Amino acid sequence: MTTSTTSSTPAPAIPVPGDRFGQPTPLQILGRATRSELIKLGTVRSTGWLLLLAALSIVVIGVFNAIGIVVQLRQAADGQPPTLDPAGAALSGVGAAMLAVAALGILSVSADYSSGMIKTTIAAVPRRAYLVLGRTGALISFVLPVAVGSTVLTFVANKIILSSAGVSISFAGPGVARAVVGAGLYLTVLAVFTAGLGWLLRSTAGALVTWLALWLVPTLLIMLLPPSIAERVGPWLPANAGTAIYQLGVSDAAAWVSLAGFAAYAVLLMVLATLLLRHRDA
Amino acid sequence: MIEINQLSKRFGSNLAVDNLTVTIHPGRVTGFLGPNGAGKSTTMRMIVGLDRPTSGEVLIDNRRYVDYPAPLRQVGALLDAKAMHPGRSAYHHLLALAVTAGIGRERVRQVLDLVGLSDVADRRTRTFSMGMGQRLGIASALLGDPPVIMLDEPVNGLDPDGIHWIRGLLRALAAEGRTVFVSSHLMSEMALTADHLIILGRGRLLADVAMAEMLAASSPSVLARTPQADDLALALRQEGISFQRPEPQVLSITEEPIDRIAELAFAHQIVLHELKATHGSLEDAYLALTHDAIEYVATPASRRVA
């Protein structure tokens, strides 16, 4: 049996080097908590699979759209209409990627609760703010490069595909770079937002249902409001906040304000999560 | 040293821990006993800051657990052998914990070796048996080489070899001057390991005694097995020695030295098949102490089982 001990005479006195930081500073504690969370996220399979799924959603759907445009242009005999949204096709997979990213955000927290790991986690990092910050940092480290990388890659691929049909798109176009990179940023904020739901609800199913409800229900309810009010509130519904960042019809300033609004929601959830963690039994 | 000061924890209408004040000293194995639901686990969870006390506090070497910047170097705790992600390997589980206290990979390998899990270090813990999970939990408790070690029901799920191993480990850790605090609901298990006992019932302190004292309190007795039980009984009565007869061929004699019984049997030419001194009823003493608490658990009110 592989588990049997090497000897029955215990020799636990293995010296451990002292803490090289002596008394670690808050920043060093946070650094360690973040490293720990990076290891945790990086050593479960679901992280890799969901990131792959998100990347594939963006790249495959985006590239197919570009190919579709090329085919349409060729069929339309003398390729007349070059009035297409230069980033639209490249970002058409963002909606599908949201599902994978939201699942990753939720699971990054809820898996701890469903497995009981949370007890070990909190015993190792009992200061809840460090834990929440560290995990958020780790989550961003995984999602940001994949999300931004996928949208940029897809845009470059689309540029090549569309040029074969004589259509030219460029990062230099008004708002294009902002929209392409911004879509990746949006997905990253979404991961943090859904992780916040994970902290608050502690269950995968509960957080997933809450996320879907937050996205769908207010959008339906707003139709009951007078149009003048609905117009003002609409952009700040959870489902709409931040989406302007990857649309070209809006000014850069308005787009960034929209993303900042979404980020504010995510930060609010994290603050709530920290407060709740402090008061709640693990 | 763990100092528990007027600690209480209420879950709804259930007072799981009721004004508990007790100190767990270094250099010995302190057994934490009590029936299921007595509040042992809740107390342990409050020691490492998992549960918020309703009132009171716990100090570990004069500081609260959450005030330690690298708590794994101060307290090694095993609270739940299943508190790990099933999809992560044993090695990565320990590594993720180690980096929170600035502990390196080398030490992770060492503790895996120490608990005998080196060969399965890269296997995901989903595939682990309960005993292997328990060993991994003990490995995580030893990671930071902490002066305080706290284990909740560590022998659960261990095979006899593992139980023997952990007894030796706990005694060795205490001999090194560490504070070793181990819970169990089995008196018989504690009798073999602990130097000191803290007994809890209904969340209250029932006893805080040295094992030696507990042993002295439980009356020793002599057990005699003989085919001539009637003859021995007669001889004992003639000498005015009181006894009990739990089985037709077995007499249980209290408050007499074993030598006297042997000499008496020899004088009366009584054949003895067995004659032994027993440590009497350590278990009985414990059961008597916790009797009320056990009755309490039978009522459905308790929300959380320790």
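Angles under 35 degrees count as roughly parallel, over 145 as roughly antiparallel, 65 to 115 as roughly perpendicular, and the rest as oblique. They run from 0 to 180 degrees between N-to-C directions, and axes are lines fitted to C-alpha atoms, for helices over the stretch in contact. Helices (H or I, at least four residues) and strands (E, at least two) are DSSP runs numbered from the N terminus.

The model is predicted: local features need pLDDT of at least 70, side-chain atom pairs count only at pLDDT 80 or more, and totals for chains, interfaces and linings use all residues. Residues are numbered from 1 along each chain as its sequence is written, chains are lettered from A and ligands numbered from 1 in the order in which they are written, and side-chain values use heavy atoms, with hydrogens and water left out.

In chain A, helix H2 (residues 45–75) packs against helix H3 (residues 94–115) at an angle of about 165 degrees. Their axes lie 8 Å apart. H2(A) and H3(A) are therefore roughly antiparallel. Their crossing is left-handed; that is, the near helix is turned anticlockwise from the far one by less than a right angle, whereas clockwise would be right-handed. Contact means heavy atoms within 4.5 Å. Residues of H2(A) in this contact include Leu50(A), Leu53(A), Ala54(A) and Ile61(A). Among their counterparts in H3(A) are Ala97(A), Val101(A) and Leu104(A). By class, the contact holds 13 nonpolar, three polar and no charged residues. Here Ala, Val, Leu, Ile, Met, Phe, Trp, Tyr, Cys and Pro count as nonpolar, Asp, Glu, Lys and Arg as charged, and the others, Gly among them, as polar.

Two further residues of chain A sit in helices. Thr188(A) belongs to helix H6 (residues 176–201) of chain A. Thr188(A) counts as buried, at 7% relative accessibility. Buried means under 20% relative accessible area, exposed over 50%, and partly exposed in between (1.4 Å probe, protein chains only). Leaving aside neighbours within four places in sequence, Thr188(A) contacts Ile140(A), Val143(A), Leu144(A) and Ala147(A). Ala253(A) lies in helix H9 (residues 252–279) of chain A. With a relative accessible area of 53%, Ala253(A) is exposed. From C-alpha to C-alpha, Ala253(A) and Thr34(A) are 32 Å apart in space, and 219 residues separate them in sequence.

Chain B contains an open sheet of three strands, in the order E2-E1-E4 and with antiparallel pairing. Two strands pair if DSSP finds at least two bridges between them. The edge strands are E2 (14–24) and E4 (55–60) of chain B, each pairing on one side only. The twist averages 20 degrees from one strand to the next. Strand E1 (residues 2–11) of chain B is joined to E4(B) by five bridges. Ile4(B) has Val58(B) in E4(B) as its bridge partner. H1(B) packs on this sheet and touches E1, E2 and E4 of chain B. The direction of H1(B) makes about 120 degrees with that of E1(B).

Helix H1 (residues 40–47) of chain B has eight of its eight residues buried, so it is largely enclosed by the rest of the structure. The buried residues include Lys40(B), Arg45(B) and Ile47(B). Gly49(B) follows H1(B) and has a positive phi, near 75 degrees.

Strand E6 (residues 148–152) of chain B is also largely enclosed by the rest of the structure, because five of its five residues are buried. Val148(B), Met150(B) and Asp152(B) point one way from E6(B), and Ile149(B) and Leu151(B) the other way. E6(B) pairs in the parallel sense with strand E5 (residues 75–78) of chain B over four bridges. E6(B) also pairs in the parallel sense with strand E7 (residues 179–184) of chain B, over five bridges. Met150(B) stands opposite Ala77(B) and opposite Phe181(B) in E7(B).

A second open sheet in chain B has four strands in the order E11-E12-E10-E13, paired antiparallel. Its edge strands are E11 (243–247) and E13 (274–278) of chain B. Three bridges join E11(B) to strand E12 (residues 250–254) of chain B. Glu247(B) has Val250(B) in E12(B) as its bridge partner. Helix H9 (residues 258–267) of chain B lies across E10 (221–225), E12 and E13 of chain B, running at about 165 degrees to E13(B).
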